[in-house]
Amino acid sequence: MNNYIIKLLIVALPFMMIGCSISQSKKNSDYRVVVTDESTVAQTIYGAIQGYRDGDVFTFKGIPYAQAERFMPPTAPEKHNDTLKCRLYGPKAPQMESLEWKGINQTDYAFGNQFVYEPMDEKGCIVLNVWTKGLNDGKKRPVFVWIHGGGYFAGSGHDLPCYEGWALAEKGDIVTLTLNHRLNILGYSDLTALGGKYENSVNLGMQDIVMALKWVHDNITNFGGDPNNVTIGGQSGGGGKVSTLLAMPSAHGLFHKAIIQSGSTLTQTEPEQSRALGLAMLEELGVNAKNADKLLDSFTYEQLLDASNKAVQKLAKAGDGGRRMMGGSPVVDGNILPTHPFSPAAPEISKDIPVIIGTDFNEFSFENTPLTMEEATKLLKERYGEKTDDYIAAFKKMYPEKTPREMVAIDLGFRKGAIRQAELKSRQKGAPIYHYLFTWQPTTNVLAASHGMELPFMFNNVALQPEMTGNTAEAHALENIMSNAWIQFIKTGDPNHEGMPKWEPFTEENPVYMIFDNECKMKTVDADTKALMEFGKPIF
């Protein structure tokens, strides 16, 4: 090697090292450039909105999809001439302070979930968020609309870190949306007994969600999405809302696939019960048909909440407390919701809608600390009494490898409802049903396969909730399998892909389901499963 080349290498080496360092730094940080300029402006039928580009994904937050007076059905949002900046999450719906997890923020459950504290606003909460890889590019990307949990009284489309839709949009090239809607007394009070302008003042939270789906139908083409390929999904209360949307005529045709996670809902509230609660609340407020418009602006949210709580207590003392009274819930009003979602049968209008239905192994047991058999038996006797020995025998037959703690912590309610919902849907001989049980347990905490544990996995956001998932290699391996399955289902209605065992559809004749764990595998709802499920009852 001549001296010139040697000198050249000596001079170039530091720069080559710097280049390697920069390249390695880029790879390790995997950073995303954030841009907000004219290229991030999208058109809606209500006016132009500006978001920002986050790496390869255009992001829009806090988009108003409807507006509403208090206790009134939603209407279209106002049109605007100026470009509306939509780059920050909008406020969540007003909800009870006790459900913001204050005072329990040191529990394992709250630590694992890392709930996001957000401002609340009654009028500003009817908003949605969009993530997409293309604007006005002529592509027809599948659309995924996520509906948050929290029952019908709490939560938001951003109250968990893993709800961020960037990763699904980037990985799957799908348009991902999350949304907020009215909740509890503002979203689920039944004031139809007042008549007049209040004749449709029921199921308002569900009416909001339908308006969001109409917004998608009317606008999503400009966000690179296909209004004829929309999937709705939700977990817990969100799963209940998805179950309910399947039975709502106003939502028919606005979505084409559905995902129900730990929220299979067979029945909703009867109108006699909901109207009694509405009238009792009005009585506490001193409101009747003659002065009903006082409801629109004469009371603070806290005053309404106090009146509702007193009404619940009064009805409970009269022996008419019923279920779902606190915070309200959808009502079989005969119009907006004509029938129960899945009772006595699956809704005929959704016969051709493919669905994923599943639950977590532990659900509302949020710990996995060891128990002796003696300790477990004592706890089980408090629950099953004289049937304890029968329960233990049924559990051991089904799960001979499981521990005494899991004998106590297993969920039977959510799963029993999910199996029943899958059976009812199967009887229609329509679109396929894909059933699953999520059994993966983190090794870094005691939360086990608890309620919501699957969310970071299907959202491809395991790294955003390391307190829950541990952010381990095993977690990321399962994340890849589950997120790909959800993406494939959102695209095609079939969740199968090369990285997992074949996920066969559930039928009454062949009631199979996928186990999601470090080893994914198919199993059958057999006689042993049925025997164990007899000790539970559907949650919803």
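Strand β2 and strand β3 (residues 47-50) run antiparallel and are joined by four bridges; strands here are DSSP runs of E of at least two residues, helices are runs of H or I of at least four, and both are numbered from the N terminus. Two strands are said to pair if DSSP finds at least two bridges between them. Across this pair, Gln-43 stands opposite Ala-48 in β3. The open sheet has three strands in the order β2-β3-β6, with mixed pairing. Its edge strands, β2 (41-44) and β6 (84-85), each pair on one side only.

This is a predicted model, in which local features need pLDDT of at least 70, side-chain atom pairs count only at pLDDT 80 or more, and totals for chains, interfaces and linings use all residues. Residues are numbered from 1 along each chain as its sequence is written, and side-chain values use heavy atoms, leaving out hydrogens and water.

I turn to helix α7. Buried residues of α7 include Pro-271, Leu-277 and Leu-285, where buried means under 20% relative accessible area, with a 1.4 Å probe and protein chains only. Among the elements covering them are α8 (294-297) and α9 (301-317). Gly-286 follows α7, with a positive phi near 75°.

Finally, the cysteines. The structure holds zero disulfides, a disulfide being a pair of cysteine sulfur atoms within 2.5 Å. For Cys-162, the nearest cysteine sulfur is that of Cys-520, 18 Å away. Cys-162 counts as buried because its relative accessibility is 0%.

Terms used: Buried means under 20% relative accessible area, exposed over 50%, partly exposed in between (1.4 Å probe, protein chains only). Contact means heavy atoms within 4.5 Å.
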